[in-house]
Amino acid sequence: MDSDVTVTIADIRAAREVLSKVIRPTPLKFNRALSERVGADVFLKCENLQRAGSFKIRGAYTRMSRLSPQERAAGVVAASAGNHAQGVALAAQMLGIASKVYMPVRAPMPKLAATRAYGAEVEQVGETLDESLLAARAWADETGAILIHPFDHADIVAGQGTCGWEILDQCPDVRTVVVGLGGGGLLAGIATVMRALKPDVHVIGVQAEQAAAYPDSLAAGHPVKAARMATMADGIAVGLPGDVTFPIVRDLVDEVVTVSEASLSRAALFLLERAKLVVEPAGAAATAYLLDRAAGDGPPLEGPVVTVLSGGNIDPLLMLRIIRHGMTAAGRYLQFSVVVPDSPGNLAQLLTDCASVDANVLDVEHLRTSAEIRVDQVEIGLVLETRGPEHQSRVLEALRAKGYVLLGTDQPL
């Protein structure tokens, strides 16, 4: 059911005044590599460089600054996969409010550590944000603490909307804005600003396809729970749109699209390599869509284009996996196995043959115990570094031409 709550440009203007003493505008950086691919000027709105590493401090501080003295004395509670947790903890620290945050059991360790470092009490409950949110609501009911919802409150949307106002200040002629979409607080706030101040801007929301509640919800006309939640983009892994955010997204956003896990990895790797920016998967969702769009056959987006990098709080271990996954998705890694006679020199010859086609060997696995091979054979598994899909095809063709039979995954990953 639609909420009667609306967020106005006046609400966002008031939030700007509140936040002016707390945060500074984040940079808007032109990116030549992405612009060349998209066919229009593309700017990166670097909320990954915001205080606490994401846009979340905007909404959290706005909401908590408006609490009454009695509400502040009761303390606050929140549920978050990590970024909202840090925003709430930091805002609470600045405002002198006691805070408790419920986080999923698999929340990234750096986000847990940062939330505790800002002074919040942290308890890990459930596998998803929705399960943590149930625990936070129960604590609020039990103790009287004020629930600071990660997205579904007018003050949260107003605070996040200040990012959209900064975009207009920094790029007044913007024509397209692309924003990652989880619960919808950031997208709803930015869309509210655009429709009020520059209504011809095309606004696009981007969800991870493995955690996409909005497409089905928009089709149904009301919030619908996502059928699955299995994405590396924990920051936008929200199972159900909110009553406040859903009608705003429905009425003010032009498109809602999805991107694959491979696209998220490619985008995070692209931003690391070509923009020198550390961005978490959720923060890279908008860029992932731009890269997908550039590689497709659709019409080009109208520029200037602003893509919001919503957060940069990423576990280093996840970053290592993303680099590996992203390089694989980009055709930079090739994995396969071959069976050769178990005699001296065959492994050396295989490695020489790989080197002859400029493939760098990253890993070698030598197996003699597989039931699929004879006792006089050995299976050799290789992981090669390549320069892209075309190079991978040349490597495979060259090895087949030399008589090697490739087993298992014998195509570029």
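Leaving aside its neighbours within four places in sequence, which residues is L290 in contact with?

Modeller: This is a predicted model, in which local features need pLDDT of at least 70 and side-chain atom pairs count only at pLDDT 80 or more, while totals for chains, interfaces and linings use all residues. Residues are numbered from 1 along each chain as its sequence is written, and side-chain values use heavy atoms, with hydrogens and water left out.

Apart from neighbours within four places in sequence, L290 is in contact (heavy atoms within 4.5 Å) with L34, V38, V42, V178, L301, V305 and T307. L290 is also among the residues with the most contacts inside the largest nonpolar core, as are L34, L44, V178, V206, L264 and Y289. A nonpolar core is a set of buried Ala, Val, Leu, Ile, Met, Phe, Trp, Tyr and Cys residues joined through side-chain atoms within 4.5 Å; buried means under 20% relative accessible area, exposed over 50%, partly exposed in between (1.4 Å probe, protein chains only). This core has 39 residues. The elements giving two or more residues to it include helix 2 (32–38), strand 2 (42–46), helix 13 (285–295) and strand 10 (305–309); helices (H or I, at least four residues) and strands (E, at least two) are DSSP runs, numbered from the N terminus. Helix 13 supplies the largest share, six residues. A second, separate core of 36 residues includes F43, V177, V179 and Y214.
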